Amino acid sequence: MDRLMKHTPDNVLKQQALEKKQGVDKSLKPGRSSQTKPKNSTDSKMDKEDPKSNVAKGKKRKSDSGMEKDNLPVEKLVKIQIPSTLKKQLVDDWEFVTQQDKFVKLPRSPNVDDILTKYLEYMSKKDGMITDSIGEILKGIRCYFDKALPVMLLYKKERQQYHDTVKIDVSPSTIYGAEHLLRLFVKLPELLAYVNIEEDTSTRLQQKLLDFLKFLHKNQSTFFLSAYDGSKVSEGKVKGKD
């Protein structure tokens, strides 16, 4: 009681001044976001994600590029429905690499470029002609794959194989195959969220990407390995230009 101030006009003014000062001090304190160190995209690792939770359970997680998926506007996300058999392929892929220390033997045949060319031929026979939009989408898939592979499409255990195999002026799309191409489609919604796409264009793009996934599904036994190599040594180092 002896530490309490008497209720007088002067003391009320002192209390108000003190509360005002405390309010200013609180506003100056840095928030959590300013204390969090920015994440370097080069530190991205596929081993931070578990396809079992990503594909089957859909748990909230941070993406490998350091972005929080839940912070992306839902309406901006291009929805890509991966067929169930290809989802299982992703889970098997994760188990081979992370649990059994097995790897895709490189270089792959058919590689990503071969698969894209086969799809172009398939669509040409199916429709009788190829529209410019399909050609542009396939070029985009190849470009995204080449740029994204070393950043976010590899598990940690695969990085040494990448450095041993892919040399300067060699495109990953000429070395890797369907196994790693399918991983790209898991990441595409995040990547495309930062591209300015109109709603009607986004709808058409979703359908064309789904058509391509159906083509992968149709040729799953041809394009994908049924078992990975137990040896960590790649088939050979690839040199030269693309």
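**Entry 1. The loop between α4 and α5**

I began with P107, which is placed in the loop between α4 and α5. In this predicted model, the peptide bond from L106 to P107 is cis, with omega near -5 degrees. I then turned to P110, which lies in the loop between α4 and α5 as well. A cis peptide bond joins S109 to P110, and omega there is about 5 degrees.

I also looked up D101, a residue of the loop between α4 and α5. Its phi is near 55 degrees, a positive value in a residue that is not glycine.

D169 is found in the loop between α7 (159-165) and α8.

**Entry 2. The chain as a whole**

I recorded 10 helices and 0 strands in the chain. Of the 242 residues in the chain, 38% are buried. I took the contacts with a separation of 6 or more and found that 81% of them join residues 24 or more positions apart.

**Entry 3. Helix α5**

At the start of α5, I found a side-chain oxygen of N111 within 3.1 Å of the backbone nitrogen of D113.

I next checked the length of α5, which has 16 residues (112-127). At 1.5 Å a residue the helix should span 22 Å, and its end C-alpha atoms are 22 Å apart, so the two values agree.

Which residues of α5 are buried? I listed V112, D113, I115, L116, Y119 and M123. They lie on the same side of α5, because they cover an arc of only 165 degrees around the axis. The elements that cover these buried residues include α6 (132-152), α8 (178-192), α9 (199-218) and α10 (220-223).

Two packed helices are described by the angle between their axes and the distance between the axes. I therefore looked up both values for two pairs of helices.

The axes of α5 and α9 come within 11 Å and cross at roughly 105 degrees. The two helices are therefore roughly perpendicular to each other, a label that applies to angles from 65 to 115 degrees. On the α5 side, the contact is made by I115, L116, K118, Y119 and Y122. On the α9 side, K208, D211, F212, F215, L216 and K218 take part.

The axes of α8 and α9 come within 12 Å and cross at roughly 170 degrees. This makes α8 roughly antiparallel to α9, since the label applies to angles over 145 degrees. L181, L182, F185, L188 and L192 of α8 make this contact with L205, L209, F212 and L213 of α9.

I80 lies in the loop between α3 (51-57) and α4 (84-99). Is I80 buried or exposed? I80 counts as buried because its relative accessibility is 16%, and the limit for buried is under 20%. Leaving out residues up to four places away in sequence, I found that I80 touches F185, L188, P189, L209 and L213. I80 and F185 are 105 residues apart along the chain, and their C-alpha atoms are separated by 7.4 Å.

With a relative accessibility of 23%, D92 counts as partly exposed. The C-alpha atoms of D92 and A227 are separated by 9.2 Å, although the two residues are 135 residues apart along the chain.

How values were computed. Residues are numbered from 1 along each chain as its sequence is written. This is a predicted model: local features need pLDDT of at least 70, side-chain atom pairs count only at pLDDT 80 or more; totals for chains, interfaces and linings use all residues. Side-chain values use heavy atoms; hydrogens and water are left out. Helices (H or I, at least four residues) and strands (E, at least two) are DSSP runs, numbered from the N terminus. The expected span of a helix is 1.5 Å times one less than its number of residues. Buried means under 20% relative accessible area, exposed over 50%, partly exposed in between (1.4 Å probe, protein chains only). The arc is that of the directions from the helix axis to the C-beta atoms. Contact means heavy atoms within 4.5 Å. A polar contact is a pair of N or O atoms within 3.5 Å; within protein, one must be able to donate a hydrogen and the other to accept it, and residues adjacent in sequence count only if both atoms are side-chain atoms. Axes are lines fitted to C-alpha atoms, for helices over the stretch in contact, and angles run from 0 to 180 degrees between N-to-C directions. Angles under 35 degrees count as roughly parallel, over 145 as roughly antiparallel, 65 to 115 as roughly perpendicular and the rest as oblique.
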